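The following dialogue concerns the reading of a protein model.

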Amino acid sequence: MRELQPLDRLSSLRIKLGVLVAASVTVSAGFSAVGVTLGIEARYVVTVAVLASLVVVQILAHGMIAPLRSMAAAASSMAHGDYSRRVRATSRDEVGRLAVVFNQMAADLEAADRARRELIANVSHELRTPISALRAVLENVVDGVTEPDGAAVKAALAQTERLGLLVEELLDLSRLEAGAVPLDVSEFAVEPFLAEVVRQAQTAGRPVRYRLDVRPPNLVARADAGRLHQVVANLVDNAAKHSPADGLVQVSALRTQEDMLRIEVADEGPGIPEPERTRVFERFTRGAAGQTEPGGGTGLGLAIARWAVQLHGGTIEVMPSTRGALIRLELPAEPETAAVRRNDRGDAL
């Protein structure tokens, strides 16, 4: 049932308090005037006037502090882990604006709590798979089901490496989100940098072709080469995973008219549906290849790539493409971040 809040339309708490005082004085004066007119004894008139004033003040003040009571109840629920409660904000004054901010805070806390629960669940799931596989390999060796030969050792090593990769990426993502990773900015030539990324991708032995296009050939970048290598290598590896046999993975770079370094990685795979183009940068979101390949990706690579690019002050997104997936990242000519260490000058911020 809605509480009586006759002062909701007033836009200031001070005005409401003024109205409260004025109403109290008016009621008291009115009862006093009526009592004098009727010849009632002064003590009775004063008593009735005070009681009437208290009733009026109680009615008006009750509506004024209703949002505060709701906020107190909601805060108590939050203390016990329930972030779903919201405050009904109807007034236009400072208390009403506080209620709006309180609701936004509650929504943010609810989203953060949900993300925390999902992260724990996803990490548990991702850790369970390689641990179970490693345990199965070791149990088979101990029980004599399989010989401790090279194949068994390689299988165990592969699962151990997957565990190590997951832990490393989780720590990396945690540092990036906390802003605790400084950028070691230097100037380097883009073409040999991307050529090295492609060369390392070719060593994976995937049956795809690679093409590198840098314009102009002497294009130079200022960025954290290690972080940028991590980003581009992840994009190229994902493109190779999703491309069909003899498919083409195109890596290109250029300088835009806005003086941004643009790097694009395109493949000839099934592409990314439009509704999922923003979700691919969320943690533990994997494409079909990552879900079906033995020892597939952890689903953290693109999340780390997004944070690393944003740490440079740049952007990364999935662009529309007639065939396959096209991911574009753009970095400013000079990374704008407080966590930059410029190794070409030797100073640290």
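Q: What is the mean pLDDT of the protein chain, and where is the pLDDT below 50?
A: This is a predicted model, and pLDDT expresses the predictor's confidence in each residue. The protein chain has a mean pLDDT of 78, with 80% of its residues at 70 or more. The value is below 50 over residues 288-296, a stretch that has 11 contacts in the model beyond near neighbours in sequence. Residues 337-349 also stay under 50, and the model gives them 28 contacts beyond four places in sequence.

Q: How many helices and strands are there, and how much of the protein chain counts as buried?
A: The protein chain contains 9 helices and 9 strands. Of its 349 residues, 38% count as buried.

Q: In which sense do strands β6 and β7 pair?
A: Pairing of strands is judged from the bridges between them. Strand β6 (residues 315-319) and strand β7 (residues 326-332) are antiparallel, over 5 bridges.

Q: Which residues have the most contacts inside the largest nonpolar core?
A: A nonpolar core is a set of buried residues joined through side-chain atoms. The largest one has 39 residues, and Leu194, Leu228, Val236 and Leu329 have the most contacts inside it. Helix α7 (residues 225-242) gives the most to this core, namely 7 residues. Apart from this core lies another, of 8 residues, including Met71, Val87, Phe102 and Ala106.

Q: What is Leu329 in contact with, its neighbours within four places in sequence left aside?
A: The contacts of Leu329 include Leu228, Val231, Val232 and Leu235. Also among them are Leu261, Arg262, Ile263, Val309, Thr315 and Ile316.

Q: How many aromatic pairs does a search of the whole structure find, and are the residues Phe188 and Phe193 buried or exposed?
A: The search finds 1 aromatic pair. Phe188 and Phe193 form this pair, with 5.0 Å centre to centre and 45° between the planes. Planes under 30 degrees apart would count as stacked and over 60 as edge-to-face, so the pair is tilted. Both Phe188 and Phe193 are buried.

Conventions:
Residues numbered from 1 in each chain as written. Heavy atoms only, no water. Phe/Tyr/Trp six-rings, centres within 6.5 Å; stacked < 30°, edge-to-face > 60°. Buried < 20%, exposed > 50% of the residue type's maximum accessible area, 1.4 Å probe, protein only. Helix = DSSP H or I, 4+ residues; strand = E, 2+ residues; numbered from the N terminus. Pairing = 2+ DSSP bridges. Core = buried A, V, L, I, M, F, W, Y, C linked by side-chain atoms within 4.5 Å. Contact = heavy atoms within 4.5 Å. pLDDT = per-residue confidence, 0-100.
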